[in-house]
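The sequence and model come first.

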Amino acid sequence: MPTLFDPITAGEIELANRIVMAPLTRNRSPGAVPGEMTATYYAQRASAGLIITEATAITQQGQGYANVPGLYAPDQLAGWRRVTDAVHAAGGKIVVQMWHVGRISHSSLQPDGGAPVAPSAITAKAKTYVLNADGSGAFVATSQPRALTLDELPGIVADYRRAARAAIDAGFDGVEVHAANGYLIDQFLRSGSNHRSDAYGGSIENRARLLVEVMEAVTAEIGASRTAIRISPVTPANDASDPDPQPLFNYVVRQLAQWPLCYIHVIEGATGGPRDFQQGNTPFDYAALRGAYTTAGGAAAWMVNNAYDGALAETAVADGRADLIAFGKPFIANPDLVRRLREHAPLNTPDTSTFYGGGEKGYLDYPTLD
Ligand code: 8OZ
């Protein structure tokens, strides 16, 4: 029986254990440039089998919050190079989460103060995070987006491709395409945010087209064995909605089975909320989702996330329900989470007031067991 602490190979990445640091937005990259603090933060957590970085904008258009990092300008990439070097020097592995927020943005963050882009011109009932004139942060309503035209979509696919190449050049072990939590790719997937009548809207096949094109481009650029994806079939995060998620996401994973990917990362339930959250009338069947994937020939590692504790994680791995478990908030507060889980040691409690923005406090100063 595998345990959480056994090594595993996911695509071409060799992980020392099955405990993964989930992507966590921390808003500590002024000018979208990850700095020295960020290198220290990730290196402190390098005993994770794998670190997934915080969501990182592939273009300025893809950015939706103040002080989140980017993956498109030379100074951003130089900052990430310091991070990947620090994590590798500490013996860890790290992939970057590639992010386009779509409509979850504010015009003040967009190129030339323009409208954020989306599948359809429907404003999300959601908040984003901007800076006040005095530099303090504030949560504000997202701006009214404009619908992407058909001829803009190849450019967005090319942006993902360019970002994936830049990520590998910056020393990352791979990339995770962020297709979850109500951001651009998820906005195309779900019928609540996609009212298009062209080849990217309507049927499940059409709504999944952008996702498939992005995966095609990224795997062609850097290889499937360094490419991963994150999905969140039922989450209501960022106003994501679809009354019938099972056939939609079963289709998505059947498509994903065509590439020998690194891993499939599934958020179970409402992101950061109840694991049994459902959209529509039927509970989502995650075993059926995985069955759809494997029946279609998919063989990537299966990563699960959301409110796992050590016991639930150990059971999921022992039962074969999952190959990898991603922990979010516990990793903020416990840089040595792997050791603490192995030794069944108590965990530090995360301080929610320092999650988003700020400096070293709540970022670099959580104690290890020693
Ligand atoms: C929390 C705050 C801002 C962004 C996600 C990237 O939910 C995020 C995010 C989370 O995927």
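Why does Ser-29 count as buried? Ser-29 counts as buried because its relative accessibility is 1%, and buried means under 20% relative accessible area, exposed over 50% and partly exposed in between, with a 1.4 Å probe and protein chains only. The model is predicted, so local features need pLDDT of at least 70 and side-chain atom pairs count only at pLDDT 80 or more, while totals for chains, interfaces and linings use all residues. Residues are numbered from 1 along each chain as its sequence is written, and side-chain values use heavy atoms, with hydrogens and water left out.

Ser-29 is placed in the loop between strand 3 (19-21) and helix 1 (36-44). Helices (H or I, at least four residues) and strands (E, at least two) are DSSP runs numbered from the N terminus. Between the C-alpha atoms of Ser-29 and Pro-145 there are 25 Å, with 116 residues separating the two along the chain.

**Ligand site**

Around the ligand are Thr-25, Ala-55, Tyr-65, Trp-99, His-178, Asn-181, Tyr-183 and Tyr-356; a residue is near a molecule if one of its heavy atoms lies within 4 Å of it. The protein covers 78% of the 300 Å² of accessible area that the ligand has on its own, with areas from the Shrake-Rupley method and a 1.4 Å probe.

By class, five residues of this shell are nonpolar, three are polar and none is charged. Ala, Val, Leu, Ile, Met, Phe, Trp, Tyr, Cys and Pro count as nonpolar, Asp, Glu, Lys and Arg as charged, and the others, Gly among them, as polar.

A polar side-chain atom of His-178 is 2.8 Å from a ligand oxygen atom. The side chain of Asn-181 likewise has an N or O atom 2.8 Å from an oxygen atom of the ligand.

**Two residues with positive phi**

Asn-181 lies in the loop between strand 10 (174-178) and helix 4 (184-189). Its phi is positive, about 55 degrees, although Asn-181 is not a glycine. Asn-67 also has a positive phi, near 60 degrees, and is found in the loop between strand 4 (50-57) and helix 2 (74-89). Most residues other than glycine have a negative phi.

**Asp-323 and its contacts**

Asp-323 is in the loop between helix 9 (310-318) and strand 14 (324-327). Its side chain is joined to that of Arg-290 by a polar contact of 3.2 Å; within protein, one atom of such a pair must be able to donate a hydrogen and the other to accept it, and residues adjacent in sequence count only if both atoms are side-chain atoms. A polar side-chain atom of Asp-323 also lies 2.8 Å from the backbone nitrogen of Trp-302.

**Helix 9**

Glu-314 lies in helix 9. Glu-314 and Thr-3 are 311 residues apart in sequence, but their C-alpha atoms are 6.4 Å apart in space. Ala-313 is in helix 9 too. The C-alpha atom of Ala-313 is 24 Å from that of Val-87, at a separation of 226 residues along the chain.

**Relative accessible area**

| Residue | Relative accessible area | Class |
|---|---|---|
| Asp-323 | 18% | buried |
| Asn-67 | 19% | buried |
| Asn-181 | 8% | buried |
| Glu-314 | 30% | partly exposed |
| Ala-313 | 0% | buried |

Note on methods:
A polar contact is a pair of N or O atoms within 3.5 Å; within protein, one must be able to donate a hydrogen and the other to accept it, and residues adjacent in sequence count only if both atoms are side-chain atoms.
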